[in-house]
Amino acid sequence: MAVRMGGAEIRTWLPRKPRTVNYVVAANDAPAASRIQADYLCDGVADQVEIQAAIDAVNASGVRGSVQLIGNFQATATINAKSNCDVYGPATITVTIAGAGHGVVFSNITNSIWEDITVYRAGAV
């Protein structure tokens with residue numbers, strides 16, 4: 001941005017927002033190399049807490065971003081999808097949502113892609 005003061009032009013630079021934010025969530029059974037580099041580590045119990053925290057962090061940033069899931073997850077409560085947050089994993093990923101009434105909720109969201117993830121409810125009738 002340029003500002004004129006008298007006859008001189010003064011250039012100022014405004015900090016830019018990041019264009020994307022990206023987080024990795026590693027399951028308890030993820031390879032050691034993935035767990036070392038992960039932003040969020042799961043322990044195989046109520047993994048929705050870490051998955052939701054990563055989704056919320058992307059959404060709160062105000063820019064579009066992604067969450068990569070590595071491994072097999074066990075969740076005991078609902079995971080809420082959020083706008084501007086893509087969630088993906090390798091084709092072999094399984095997110096297990098245990099118990100009736102739990103799952104992934106997609107409600108009033110925009111610009112969100114969930115790709116290469118299998119979600120199922122264990123014990124559902």
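Predicted model: local features only at pLDDT ≥ 70, side-chain atom pairs only at ≥ 80, totals over all residues.
Trainee: What about phi at Asn111?

Mentor: Asn111 also isn't a glycine, and its phi is positive at about 55°. You'll find Asn111 in the loop between β10 (104–105) and β11. Its relative accessibility is 44%, so Asn111 counts as partly exposed.

Trainee: Let's zoom out. How many helices and strands are there in the chain?

Mentor: The chain has two helices and twelve strands. Reading from the N terminus, the order is β-β-β-α-β-α-β-β-β-β-β-β-β-β.

Trainee: What share of the residues count as buried?

Mentor: It's 32% of the 125 residues. As for surface, the chain exposes about 7,400 Å², and 54% of that comes from carbon and sulfur atoms.

Trainee: What percentage of the contacts with a separation of 6 or more comes from residues 24 or more positions apart?

Mentor: Those pairs make up 57% of them. For a particular pair of residues, take Ile79 and Gln48: they are 31 residues apart in sequence, yet their C-alpha atoms are 6.1 Å apart in space. Ile79 is part of strand β7 (residues 79–80), and at 1% relative accessibility it counts as buried.

Trainee: OK, the sheet. In what order do the five strands of the open sheet come?

Mentor: The order is β4-β3-β5-β8-β11, with parallel pairing. The edges are β4 (40–41) and β11; each has a single partner strand, so one side of each has no neighbour in the sheet.

Trainee: How many bridges are there between β3 and β5?

Mentor: Six, in the parallel sense. One to look at is Tyr23, whose bridge partner in β5 is Val67. On from there, Val67 has Val87 as its bridge partner in β8, and Val87 in turn has Trp114 as its partner in β11. You can follow that chain of partners across the sheet on your screen.

Trainee: And over how many bridges do β5 and β8 pair?

Mentor: Strand β5 (residues 65–70) pairs with β8 over four bridges, in the parallel sense. Gln68 faces Tyr88 of β8 there. At the two ends of the sheet, two bridges join β8 to β11 (residues 114–115), and two join β3 to β4. Within that last pairing, Val25 has Tyr40 as its bridge partner.

Trainee: Which helix lies across β3, β4, β5, β8 and β11?

Mentor: Helix α2 (residues 48–60) does, and it runs at about 180° to β3.

Trainee: Switching topic: how many aromatic pairs does a search of the whole structure find?

Mentor: It finds one. The ring centres of Tyr23 and Tyr40 are 5.8 Å apart and the planes meet at 75°, so the pair counts as edge-to-face. It links distant parts of the chain, with Tyr23 in strand β3 and Tyr40 in strand β4, 17 residues apart. At 23% relative accessibility, Tyr23 counts as partly exposed.

Trainee: Last one, Asp86. Is it buried or exposed?

Mentor: Asp86 is at 16% relative accessibility, so it counts as buried. It sits in strand β8 (residues 85–88).

Trainee: Which side chain is joined to that of Asp86 by a polar contact?

Mentor: That would be the side chain of Arg64, at 2.7 Å.

Trainee: And what else is Asp86 in contact with, leaving aside its neighbours within four places in sequence?

Mentor: Besides Arg64, Asp86 is in contact with Gly65, Ser66, Val67, Asn111, Ser112 and Ile113.

Notes: Residues numbered from 1 in each chain as written. Heavy atoms only, no water. Buried < 20%, exposed > 50% of the residue type's maximum accessible area, 1.4 Å probe, protein only. Polar contact = N/O pair within 3.5 Å; in protein donor to acceptor, adjacent residues only side chain to side chain. Contact = heavy atoms within 4.5 Å. Areas by Shrake-Rupley, 256 points an atom, 1.4 Å probe, with all protein chains shown as cover. Pairing = 2+ DSSP bridges. Axes fitted to C-alpha atoms, helices over the stretch in contact; angles between N-to-C directions. Phe/Tyr/Trp six-rings, centres within 6.5 Å; stacked < 30°, edge-to-face > 60°.
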